[in-house]
Amino acid sequence: MQKHVAGLQMSFVYIRNPFLNCGQRYWIKRCLTDFHACPNNTNLKSQFSLAEDENLWDISHYCQCYDALKSKDAMQNIKKDLMDKLRWTTLGYQYDWTTKEYYPDKKNDFPEDLADLSKLFAAAVGFFSYSPEAAIINYYKLDSTLSGHTDHSEYDLAAPLISISFGQKAIFLLGGQTLSTAPVAIYIESGDICIMSAESRLAYHAVPRIIYEKNSCHNLLEGL
């Protein structure tokens, strides 16, 4: 399925969820338990330091495994809340949120399974030599929003921008290369994919609302 904005022609592709439930569970679990692990950067890194063998998901949900001495109770409570405070993590080239740039010397290994998945979707829209090197995973709460912006910090702007959504539904706004273009609203559901290339690669886009729907993800919870 393709959506179009005036002036962007065929450069934006919207793919309705191609995943089986087990596939969605796999990627949700990877996001919740693995992708934020050391050495990848997160919004929590400047606020709280974790040891290399500590994992946010394990700490937040299985704190009973840690020493519960009274002297450590305060630290325990802080650690339990960390997963709820997680907002983003970066993979591959580590995005610098202060300078809004990537640097050649700040790079971690890009996950092979995510690279293979990205190459598959890129090839489906004609980018057969696509090789992903960086990703930002955003963790949205029910009251989260993503303000209108363009993604222009990447080295190769000819490569497509691939966005995959899991979890609750959301409204995705796609505008043009200037703020004068009225955006199109797209209803995003779990597993849906947006691919921005050519004219749409530098288009403004945003997520103004997460839509809570009771039991909408109940079929994805098994095994998490």
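Is phenylalanine 12 buried or exposed? Phenylalanine 12 is buried, because its relative accessible area is 1% (buried means under 20% relative accessible area, exposed over 50%, partly exposed in between, with a 1.4 Å probe and protein chains only). The structure is a predicted model, in which local features need pLDDT of at least 70 and side-chain atom pairs count only at pLDDT 80 or more, while totals for chains, interfaces and linings use all residues. Residues are numbered from 1 along each chain as its sequence is written, and side-chain values use heavy atoms, with hydrogens and water left out.

The protein has 4 helices and 9 strands (DSSP runs, H or I of at least four residues for helices and E of at least two for strands, numbered from the N terminus). Their order along the sequence is β-α-α-α-β-α-β-β-β-β-β-β-β. Of the 224 residues, 42% count as buried.

The whole structure holds 8 aromatic pairs (rings of Phe, Tyr and Trp, the last by its six-membered ring, with centres within 6.5 Å; planes under 30 degrees apart count as stacked, over 60 as edge-to-face and the rest as tilted). The rings of phenylalanine 12 and phenylalanine 172 have centres 6.2 Å apart and planes at 10°, so this pair is stacked.

Elsewhere, ring pairs join Trp88, Tyr95, Trp97 and Tyr102 into a cluster.
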